Amino acid sequence: MSRRGGRSRLPAGGGSAPTEMHVDAQFLPLADRFFAMYRQPNNGGGALTAYVNGELVLDIWAGWADRDRRWRRDTVALSFSTGKGVASTVLHRLADRGVVDYDEPVATYWPEFASAGKERITIRDMLTHRAGLHRIRGLVRGKTGLLDYDRVVAALAAARPDPRRLSGPGYHAVTYGWIVAETVARATGRSFTDVVRTEIAEPLGVEEFWYRVPPEHRHRIAKLFPHLSPGAVSWGMASSVMTRLRPFNGLAEAGMPEGFDELVRDPIVHDAVMPGWNGVFTSRALAKMYAAIANDGVIDGRRFLSSDTIERMGEVQTFGRDYVLGARVNWRLGYHPVFIANRSQPRAAFGHYGVGGSGAYADPETGLALGFVTNRMGNALTALGDLRLARLGAVAQKTVRGR
């Protein structure tokens, strides 16, 4: 196991998992850091997968999918905004073949979208959170209104965009997925979930790219905990207070719809298609998708994306302050820059993290791709993931650069 470039096979807990874990010897420090996160049931569980230059170097899991159920190789997890990166990649696959054009108006594919002054909003604007449709609060009525895909996309098509979009981005924390999904559906004439299957899951040979989870696989979903409670107060109170306070009101408008804290824990979310937040994945699926991106578009000897498209995907599109997040994000085409727990940040890396700590990304400069899913949503105070992926990413980057 100490031999440079060697690989280790680790027992997968109790012998009940169908296969063993995979650890390249050079990535043992990363594996050690990961396993240290999940020592007891209240730590929850998770899975971590890494590729370098298209080669699998790490595939491990640990902890608990529920209080009385260990995390297994086939455990999947609701991963919130991590799914935005997958939805974006679907669009890039279509753009690669000329099915959509980044600088064409969204209304070219979805004519109803042109109402209320949105006729000039382009695919590029949509991918970089400049459509001005960040508001989710009040978009549809009722706590379960977000489950009605047709109702939501009709409301977005009719909505008037925020004028601030003309001067900079505003993070579409929840609405982003529906806008992408409906554009994809209109451009292809097929349902978004069907396109995800044919454009992402089948080419990669991994099925767990789910926005509507097949009923026969729902027993595999890890249970999320603790409750979403920003600042250790109730969701409703936090949302109400933040709506009235600058600079937090934008974030409340974009990401804190009524009853969202209860909805995320309700099994009915797995019957709906809400690609901005309800994607369910394995770390293995996420890492393999980003591995293709990090490896100049090639994985398993097959081309997934062209080199030109990957170059466009990673180009910085916005430089101004995001009016929802209150910070300069430097959005790429559907992805944000990667941050790790280190002074030196990976300049070429991009991907998408999710609330609670999950996330995945590609670094075309080093060839590294990382996928991480978890059910432990930070701590009870923040629910922001305790920067676990940022810490893991720092170890991974150090390992890759030291090879």
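A residue is called buried when its relative accessible area is under 20%. With that cut-off in hand, the reader may turn to the structure above, which is a predicted model.

Nine of its twelve residues are buried, so strand 4 is largely enclosed by the rest of the structure. Several strands pair with strand 4. Strand 3, residues 45-52, runs antiparallel to strand 4 and is joined to it by eight bridges; within this pairing, Ala50 stands opposite Leu58. The hairpin formed by strand 3 and strand 4 has two residues between the strands, and Asn53 in this hairpin takes a positive phi near 50 degrees. Strand 2, residues 21-24, also pairs with strand 4 in the antiparallel sense, over two bridges, and here His22 stands opposite Asp59. Strand 5, residues 69-70, is likewise antiparallel to strand 4 and joined to it by two bridges. Arg69 in strand 5 is the bridge partner of Asp66, and the hairpin of strand 4 and strand 5 has two residues between the strands. As a general point, the side chains of a regular strand alternate between the two faces of the sheet.

Strand 6 is joined to strand 8, residues 280-281, by two bridges, and Leu78 has Val280 as its bridge partner in strand 8.

The largest nonpolar core contains 128 residues, and Leu58, Trp178, Phe209 and Trp277 have the most contacts inside it. Helix 10, residues 283-294, supplies the largest share of this core, with nine residues.

Helix 5, residues 176-188, has 13 residues and reaches 19 Å from its first C-alpha to its last, close to the 18 Å expected. The helix is mostly covered, since ten of its 13 residues are buried. After helix 5 comes Gly189, which has a positive phi near 75 degrees.

Ala107, in the loop between helix 2 and helix 3, counts as buried because its relative accessible area is 15%. Ala107 and Thr183 are 76 residues apart in sequence, yet their C-alpha atoms are 8.6 Å apart. Gly351, in strand 14, is buried with a relative accessible area of 0%. Gly351 is 269 residues from Thr82 in sequence and 8.2 Å from it, C-alpha to C-alpha. Beyond its neighbours within four places, Gly351 is in contact with residues including Tyr290, His336 and Tyr361.

Charged residues complete the picture. Side chains of opposite charge can pair when their charged atoms come close. The structure holds 18 salt bridges. In one of them, the side chains of Arg186 and Glu112 meet at 2.8 Å, N to O. This pair links distant parts of the chain, with Arg186 in helix 5 and Glu112 in the loop between helix 2 and helix 3, 74 residues apart. Arg186 is partly exposed at 33% relative accessibility, and Glu112 is partly exposed at 42%.

Another salt bridge joins Lys288 to Asp300, whose closest N and O atoms are 2.6 Å apart. Lys288 lies in helix 10, while Asp300 lies in the loop between strand 9 and strand 10. Lys288 counts as buried because its relative accessibility is 11%, whereas Asp300, at 45%, counts as partly exposed. Arg347 forms a salt bridge with Glu365, with 3.7 Å between the closest N and O atoms. Arg347 is exposed at 68% relative accessibility, and Glu365 is partly exposed at 43%. Finally, salt bridges link Arg135, Asp162, Arg164 and Glu253 in a network.

How values were computed
Residues are numbered from 1 along each chain as its sequence is written. This is a predicted model: local features need pLDDT of at least 70, side-chain atom pairs count only at pLDDT 80 or more; totals for chains, interfaces and linings use all residues. Side-chain values use heavy atoms; hydrogens and water are left out. Helices (H or I, at least four residues) and strands (E, at least two) are DSSP runs, numbered from the N terminus. The expected span of a helix is 1.5 Å times one less than its number of residues. Buried means under 20% relative accessible area, exposed over 50%, partly exposed in between (1.4 Å probe, protein chains only). A nonpolar core is a set of buried Ala, Val, Leu, Ile, Met, Phe, Trp, Tyr and Cys residues joined through side-chain atoms within 4.5 Å. Contact means heavy atoms within 4.5 Å. Two strands pair if DSSP finds at least two bridges between them. A salt bridge is a side-chain nitrogen of Lys or Arg within 4 Å of a carboxyl oxygen of Asp or Glu.
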